[in-house]
Every structure is written in C-alpha cells, then in structure tokens.
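Please look through the sequence and the model before reading on.

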Amino acid sequence: MKVRIDADLCTACGLCTDDVPDVFTMGDDVAEAISGDVPADLEGAVKDAADSCPSEAIIVE
Ligand code: SF4
C-alpha cells in the first residue's frame, strides 16, 4: 500500500503528522508522506488518517 498527499488540498493542519509520524511529516508548506510502501503495521492508522483528513488530501493507493 502506498500513500500520497495532494499538496493542492492539504492545509497543513497537522492531524496526520501527529497521528502517524512514521509516515507523515510536515514539509515547508504541506504535509508529506513516505514515498515507499507503508509498513504493514501502519496501514490501518494511515487509512484512519485518510478518513480523518479534513481536506481529503490523503490518497491511499
Ligand atoms: S490531515 Fe490532511 S490537511 Fe491535515 S496536514 Fe494531513 S494531509 Fe494536510
């Protein structure tokens, strides 16, 4: 499973970076996601973060 962030939608609210810091980090203007595969034990947390993102900017693929 991979995840990415739509930089045009992210408002840098910090929710995902607080909840799953091993996958999401805050860049200069928007959050960033790891580029490789999401570790299996974090897939559930990443899906929850995607559901919780107020801007629907987290895209799970
Ligand atoms: S939760 Fe959504 S809007 Fe907030 S920092 Fe993460 S990707 Fe951006």
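How many disulfides does the structure hold? The count in this predicted model is 0.

**Cavity**
- Searching the whole structure for cavities of 30 Å³ or more gives 1.
- The volume of the largest cavity is about 100 Å³.
- Its lining is made up of 16 residues, and those closest to the centre are C10, C13, C16, C53 and I58.
- Sorted by class, the lining of the largest cavity comprises 13 nonpolar and 3 polar residues, with no charged residues.

**Ligand**
- The largest cavity is the space that the ligand takes.
- Around the ligand are C10, T11, A12, C13, G14, L15 and C16, together with A31, C53, S55 and I58.
- The shell around the ligand has 8 nonpolar and 3 polar residues, and no charged residues.

- C13 and C53 are both among the residues around the ligand.
- C53 has a relative accessible area of 14%, and because buried means under 20%, C53 counts as buried.
- C13 has a relative accessible area of 49%; exposed requires over 50%, so C13 is classed as partly exposed.

Definitions and conventions. Residues numbered from 1 in each chain as written. Predicted model: local features only at pLDDT ≥ 70, side-chain atom pairs only at ≥ 80, totals over all residues. Heavy atoms only, no water. 1 Å grid on protein atoms, 1.4 Å probe; cavity = no way out; pocket = protein on both sides within 12 Å on 5 of 7 lines; lining within 4 Å. Points joined across faces, edges and corners; volume = space filled by probe spheres on them. Nonpolar A, V, L, I, M, F, W, Y, C, P; charged D, E, K, R; others polar. Disulfide = S-S within 2.5 Å. Buried < 20%, exposed > 50% of the residue type's maximum accessible area, 1.4 Å probe, protein only. Near = heavy atom within 4 Å. Sits in = over half its atoms within 2 Å of the grid points.
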